[in-house]
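Work through the exercises below with the sequence and the coordinates at hand. Each task is followed by a stepwise solution.

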Amino acid sequence: MQIKDQEHLRKQPNSRTCFVCGLENPVGLKLTFMETGEREVISRTSIPHQYEGYPGVVHGGITAAMLDEVVGRTAMIGNHNQFWVTARLEIRYRKPVPSETELLLRGRLVKSRGRVTVAHGELRLPDGSVAAEAEALLSDYEIGEIDPGQLEALGWKVYADDERD
């Protein structure tokens, strides 16, 4: 699961409480996301056993949540304070996702036009095979101009590695 040009990765913000990316959520996954370029976002993770469905296998709902987040993150490339919501998410589960194993999430922007974005996401196993993939239709979340104080209250910022919970 090599990533080329790792020195060109750009870290995206996290929040405090989001289930997937909230670094202060005691029951969350605490994923961080890196932009690899204009159209792609990645995250490396290992999911603890408490998120299993069957012994040794990550629950499908957790897999769906991770895919939902990585596709949504593609629409934020270049503007981290523009938020998007998922209008449609189609998932294909191809292989069981093992817990306590290094995984690679990858999201790729397929097309973006106005207030609508299409993205593809995949969850890869250590051997590089795809365990699950998703296609998403994302819609611009119209919240108007966001006061920087509101973002600060959400903890929406790029955290230094030593700030992680």
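**Exercise 1.** Leaving aside neighbours within four places in sequence, find which residues T17 is in contact with, and place T17 in the fold.

*Solution.* Step 1: with those neighbours set aside, T17 is in contact with G22 and N25, where contact means heavy atoms within 4.5 Å. Step 2: T17 belongs to the loop between strand 1 and strand 2; strands are DSSP E runs of at least two residues, helices are H or I runs of at least four, and both are numbered from the N terminus. Step 3: T17 is exposed, its relative accessible area being 59%. Buried stands for under 20%, exposed for over 50%, and partly exposed for values in between, with a 1.4 Å probe and protein chains only. Step 4: W156 is 139 residues away along the chain, and its C-alpha atom is 9.6 Å from that of T17.

The model is predicted: local features need pLDDT of at least 70, side-chain atom pairs count only at pLDDT 80 or more, and totals for chains, interfaces and linings use all residues. Residues are numbered from 1 along each chain as its sequence is written, and side-chain values use heavy atoms, without hydrogens and water.

**Exercise 2.** Determine the strand order of the sheet and explain why strand 1 and strand 4 each have a side without a neighbour.

*Solution.* Step 1: seven strands make an open, antiparallel sheet in the order 1-2-3-5-6-7-4; two strands pair if DSSP finds at least two bridges between them. Step 2: strand 1 (10-11) and strand 4 (84-93) stand at the edges with a single partner strand each, so one side of each has no neighbour in the sheet. Step 3: strand 1 is joined to strand 2 (residues 34-35) by two bridges, and K11 stands opposite M34 in strand 2.

**Exercise 3.** Is S43 buried or exposed, and what does its side chain reach?

*Solution.* Step 1: S43 sits in strand 3 (residues 40-46). Step 2: its relative accessible area is 2%, so S43 is buried. Step 3: the side chain of S43 reaches the backbone oxygen of T32 at 2.7 Å. Step 4: beyond four places in sequence, the contacts of S43 include L31, F33 and L104.

**Exercise 4.** Which residues touch the most other members of the largest nonpolar core?

*Solution.* Step 1: a nonpolar core is a set of buried Ala, Val, Leu, Ile, Met, Phe, Trp, Tyr and Cys residues joined through side-chain atoms within 4.5 Å. Step 2: among its 32 residues, I47 and M66 touch the most other members. Step 3: helix 1, strand 5, strand 6 and strand 7 supply at least two residues each.

Notes
A polar contact is a pair of N or O atoms within 3.5 Å; within protein, one must be able to donate a hydrogen and the other to accept it, and residues adjacent in sequence count only if both atoms are side-chain atoms.
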